[in-house]
Amino acid sequence: MASADKPRVQRIAINTGGGDAPGLNAVIRAATLAALRNGWEVLGIRRGYMGLLEEQVDDEPGVFPLTEHAVRGITHLGGTILGTTTRGNPFGLEVRQPDGTWGTVDRSDEIVERFRALGIDALIAIGGDGSLGIAHALQQKGLPVIGVPKTIDNDLAATDMTFGFQTAVEVATDAIGRLHSTAEAHQRVMVVELMGRHTGWIALESGLAGGADVILIPEIPYHVERIAAKVRDRDTSGRRFSIIVAAEGACPADGEASYADASGRYGGIAERLARQLEELTGKEARVLVLGHIQRGGTPIAYDRSLALRFGAAAVRCIAEGSLGTMVALQGKHVRSVPLGDAVRELKRVSPATDDAVLTGRQLGVSFGDADG
Ligand code: F6P
């Protein structure tokens, strides 16, 4: 619940959780500088919430002061100076049992206690759906939290845009673009696997911008025969190569998505499709799995600027006493929305109405379904 009380703030903390995204450091810099200018102290918590549980790892303290010096010159840097983890949920931390098997333990109460012991008045939690869900649960235990939406997947419902997404789209578009000449030279099918577990925003935007012939996303179940038909049609019309872009979580209409391992991690759709298409079309197929290159390196200007705006807006929320909220881009404006609303559902592509899907269909792009 957002609160209208204006707390007297002396010290805030910042953490980054889940998979990294280009722009994290820009948020950290903006929030730190804005908070210092308010006369507040700022603490950085390392590796999500782990820094609150592990006081020192090697020579690094789990919690350390974020000063002007600490955030100097980091706006353009990828990664996060605070470190991050996808295995740091304090409500279910993995632990090795005495018999060697793995179990989980809830250490969320310790987080709240340590937070209070450090005299932290508010936490700026920078994360995606998983990390913001944890932040929301901690907020319900009494921790004053402001969320900042981060994910290259752009799948958070309450914000038009997460930072990191546009950089990922840029990287993917460049890769798809580069494949055209080699695909054409060899008259091959190239299958590109992109990130996107539950939503296909990266594949959709970069596939369209990069000139893909087929775009497969989790929101539109595909039929491999339809993809093969598209490849054959192109051959018949003299275009003897095809570029297929698939989000890692895309799923055949009559089967299961492709999993990398038993943990539920996606992976392998490109390899699977390439073999199926070789079989169905008799053409040679090659695979590119773009992987973490989509998350690494310097954020493009759009993401830097959005990240700086989000960081500064989070500090305004704290100053105004608007806690338990997440900053969000709505149209041209950064506003705050209740954190509970922000983590309630994912933002998915609506196949019937999404403008990029409609545009793709009008241009003859196949989505592997009956419509194209
Ligand atoms: O949520 C962001 C994301 O990039 C997903 O698109 C992808 O499935 C996942 O992270 C990969 O995570 P990890 O770094 O754990 O392999």
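Predicted model: local features only at pLDDT ≥ 70, side-chain atom pairs only at ≥ 80, totals over all residues.
Biologist: What conventions apply to the model and its numbering?
Modeller: Local features need pLDDT of at least 70, side-chain atom pairs count only at pLDDT 80 or more, and totals for chains, interfaces and linings use all residues. Side-chain values use heavy atoms, without hydrogens and water, and residues in each chain are numbered along the sequence as written, from 1.

Biologist: At what angle do the axes of α6 and α11 cross?
Modeller: Helices are DSSP runs (H or I, at least four residues), numbered from the N terminus. Axes are lines fitted to C-alpha atoms over the stretch in contact, with angles from 0 to 180 degrees between N-to-C directions. The axes of α6 (residues 201-210) and α11 (residues 355-362) come within 10 Å, and their crossing angle is roughly 35°.

Biologist: Which residues of α11 make the contact with α6?
Modeller: Contact means heavy atoms within 4.5 Å. From α6 come Leu 204, Glu 205 and Leu 208; from α11 come Ala 356, Val 357, Thr 359 and Gly 360.

Biologist: How far from an oxygen atom of the ligand is an N or O atom in the side chain of Glu 248?
Modeller: Residues surrounding the ligand (a heavy atom within 4 Å) include Asp 153, Arg 197 and Glu 248. A polar contact is a pair of N or O atoms within 3.5 Å. For Asp 153 the distance to a ligand oxygen is 2.8 Å, and for Arg 197 it is 2.8 Å. For Glu 248 the distance is 2.5 Å.

Methods:
Helix = DSSP H or I, 4+ residues; strand = E, 2+ residues; numbered from the N terminus. Polar contact = N/O pair within 3.5 Å; in protein donor to acceptor, adjacent residues only side chain to side chain.
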